Amino acid sequence: MSVFSIKNLKVAFPTPRGIVRAVEGIDLSIGAGECLALVGESGCGKSVTSLAALKLLDTSSCIVRTDEHLLLDEDISKMSEREMEGIRGRKASMIFQDALSALNPVMSVGKQLDEVFMLHFGLKRREAKARSIEALRSVGIEDPEARYKAFPHELSGGMRQRVLIAMAFASNPALIIADEPTTALDVTVQKQVLALLSKLQAENGTALLLISHDLSVVCSMADRIAVMYSGRIVECAETWELISNPLHPYTKGLMDAVVRLDEPKGRFTQIPGSLPDPVNKPKGCCFFPRCAHASNKCGEAMPRLENAGNAHFVRCCMSGGAYEG
Ligand SMILES: Nc1ncnc2c1ncn2[C@@H]1O[C@H](COP(=O)(O)OP(=O)(O)OP(=O)(O)O)[C@@H](O)[C@H]1O
Ligand SMILES: [Mg+2]
């Protein structure tokens, strides 16, 4: 059963330059205990998707449309902001990249955790404190009694991220969305924090949407990977299937960038070019201007996201797919 499902998500921002089509018809579905990774270059629409998933976008500045938006079989598309406040932090939580700005700088991390337990479980401060110390211990923070009193700026980046993870898991939500949870950390700490996230997810059976611009970061954790490009999913498959048999030229480009990371400097291949301007997207396949395999038709018509077998979906006519409409 899917814990979270969204169908045909579209998000557009009217701007003085024109309409920014940030997300153009995305379907996502995540089951209990499953980790779905959403991967793609900066600006492809990952954060907008994650914010829309928990209805955190400011709807006075954008237009959001969905055909279906379910959390634990409840239709959240019509829920008011007040109802959503009851859902966020309880049934679904978010872990942001920048722990320093996600945490309150003038309150100790322990008190901030207490607030979560008091709000969601109606605990008194004393009971909440015991739970908070336990939560700090569960995310591998040494001497949690002392750390309980620390302010965010007194902790290292890795420890702050652990505090955010503790807060996200505090109410044992069904869904957690982690948007670049380790990007600000150095590689060793990044691995430790991801291992922690993975362990807690498995222990709690949480559905996890893991967002990253880096394919190598998500490969070890994700059950399935969705590759996003210019507001659309261009490929989606189980992790092993995707990395052993990438079908979209964009995914292949991301893989090349990963594979050569270990090689000497200068051998690192980046995909030439950049994402199209979201106000003036090409008529056909958005990857067409950067694609070495495209035919003329790819510049005219949008390829459909199609199942190439083994629940491996790809939006590319050069991989045997058809064009839309
Ligand atoms: N409030 C806004 N107003 C106008 N455009 C916006 C707004 N928020 C996001 N966008 C645009 O939507 C597109 C998708 O942005 P988004 O933040 O989702 O990218 P991302 O994939 O998360 O990138 P990154 O890896 O850098 O975090 C970008 O073109 C961005 O400029
Ligand atoms: Mg982002």
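## A tour of the salt bridges

Select Glu 300 to begin: with a relative accessibility of 48%, this residue counts as partly exposed. Keep in mind that the model you have open is predicted.

Lys 283 is exposed, at 63% relative accessible area.

Next, select Arg 290 and Glu 41. Their side chains also meet in a salt bridge, 3.0 Å from N to O. Arg 290 belongs to the loop between helix H11 (249–259) and strand S12 (306–307), while Glu 41 is in the loop between strand S3 (35–39) and helix H1 (46–53), so this pair ties together parts 249 residues apart in sequence. Arg 290 is buried, with a relative accessible area of 11%, and Glu 41 is partly exposed at 22%.

Then move on to Arg 315 and Glu 324, a salt bridge of 3.2 Å, N to O. Arg 315 counts as buried at 7% relative accessibility; Glu 324, at 37%, counts as partly exposed. For a network, pick Glu 24, Arg 232 and Lys 281, which are joined by salt bridges that share partners.

Finally, zoom out to the whole chain. A search of the whole structure finds 16 salt bridges. Colour by charge and you will have 37 positive and 38 negative side chains, the centres of the two sets being 3 Å apart. Switch to cartoon view for the 11 helices and 13 strands. Of the 325 residues, 49% count as buried.

Methods. Residues are numbered from 1 along each chain as its sequence is written. Chains are lettered from A and ligands numbered from 1 in the order in which they are written. This is a predicted model: local features need pLDDT of at least 70, side-chain atom pairs count only at pLDDT 80 or more; totals for chains, interfaces and linings use all residues. Side-chain values use heavy atoms; hydrogens and water are left out. Helices (H or I, at least four residues) and strands (E, at least two) are DSSP runs, numbered from the N terminus. Buried means under 20% relative accessible area, exposed over 50%, partly exposed in between (1.4 Å probe, protein chains only). Lys and Arg count as positive and Asp and Glu as negative; His and the chain ends are not counted. The place of a charge is taken as NZ of Lys, CZ of Arg, CG of Asp or CD of Glu. A salt bridge is a side-chain nitrogen of Lys or Arg within 4 Å of a carboxyl oxygen of Asp or Glu.
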